[in-house]
Amino acid sequence: AHGGLIGRFLDYLNVSGELENTLIVITADHGEMLGDYNLFQKAKPQDGSARVPLIVAGPGITAGKIIEAPVTNLDIVGTFLDVAGAELAANMTTRSLLPLLHGEAAPPDVVLSGYSTWRMAVKQMNATSTLKLVCYKGTSDAEALLYADPDASSTIDAPPPTTTKLLLYEVSGGSRPSEAVDLLSQFVGKTEAAALLRELPEAYQKACKSKLLELFSDAATVVV
């Protein structure tokens with residue numbers, strides 16, 4: 001159904017003579033877990049929920065080009081404003097993706113996202129590795145109840161953790177990146193996690209910094 005509607009828009013642009021003068025962006029505001037890692041619905045930091053399609057076509061954009069580096073759909077607004085020749089408002093942090101799409105600039109160093117009590121930072125470390133850091137600031141028991149489904153018959157779609165939680169995933173390569181293994185639980189990635197943590201809002205830095213130190217303090221104890 002959606003494909004047919006997009007086709008109608010493209011047909012109209014073609015007939016009106018504006019197809020070659022139009023920036024076309026196909027994306028979504030969120031994904032859907034659909035049972036991945038025994039989770040459902042949206043609003044999760046896992047890729048099933050947080051990673052969305054982004055297809056762009058228009059003047060000066062090479063057809064068929066794939067950019068592997070992570071970007072954020074928050075920058076679509078900046079891209080549209082750039083195309084329109086409009087200035088960003090003083091309080092806007094959105095950036096134009098046009099320089100990246102035209103091959104004139106590098107991708108963003110770090111991409112940030114978040115919802116409710118979690119924030120995440122995603123960074124392409126090199127050509128074969130992209131890391132995702134997720135910090136749950138934790139909730140009180142009372143706050144957790146706000147996320148509970150009173151009609152749920154199971155705990156498959158659990159509320160946010162009530163305690164601070166810090167996770168680091170390798171999400172690059174392949175058609176099905178795995179978030180089943182938290183690298184920090186394997187005592188791997190302390191330096192990378194610390195660098196990504198500094199990109200998060202101060203409250204999350206404070207909450208999860210102690211968790212990072214705690215994790216690797218345990219590692220030191222195990223080694224000894």
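By buried I mean under 20% relative accessible area, with a 1.4 Å probe and protein chains only; exposed is over 50%, and partly exposed is in between.

Before going on, this is a predicted model, where local features need pLDDT of at least 70, side-chain atom pairs count only at pLDDT 80 or more, and totals for chains, interfaces and linings use all residues. Residues are numbered from 1 along each chain as its sequence is written, and side-chain values use heavy atoms, leaving out hydrogens and water.

Back to Asp 47. It sits in helix α2, residues 47-50. Helices here are DSSP runs of H or I with at least four residues, strands are runs of E with at least two, and both are numbered from the N terminus. What does the side chain of Asp 47 contact? It makes a polar contact of 2.6 Å with the side chain of Lys 132. A polar contact is a pair of N or O atoms within 3.5 Å; within protein, one must be able to donate a hydrogen and the other to accept it, and residues adjacent in sequence count only if both atoms are side-chain atoms.

Next, the core. In soluble globular proteins, nonpolar side chains tend to be buried together. A nonpolar core is a set of buried Ala, Val, Leu, Ile, Met, Phe, Trp, Tyr and Cys residues joined through side-chain atoms within 4.5 Å. The largest one has 18 residues, and those touching the most other members are Leu 133, Leu 166, Leu 168, Leu 184, Leu 196 and Leu 200. Two or more residues come from each of β5 (129-136), β6 (165-170), α6 (190-197) and α7 (202-223). Which element gives the most to this core? That's α7, with five residues.

Now, over to the helix α1, residues 2-16. Its 15 residues reach 21 Å from first C-alpha to last, close to the 21 Å expected at 1.5 Å a residue. That expected span is 1.5 Å times one less than the number of residues.

Last stop: which residues line the largest cavity? They are Leu 23, Val 25, Leu 54, Val 56, Ile 76, Thr 79, Leu 97 and Leu 101. A cavity is a set of points on a 1 Å grid over the protein atoms alone where a 1.4 Å probe fits but cannot get out, and lining residues have an atom within 4 Å of a point. Both β2 (54-57) and α3 (75-84) give two or more residues to that lining.

Notes:
1 Å grid on protein atoms, 1.4 Å probe; cavity = no way out; pocket = protein on both sides within 12 Å on 5 of 7 lines; lining within 4 Å.
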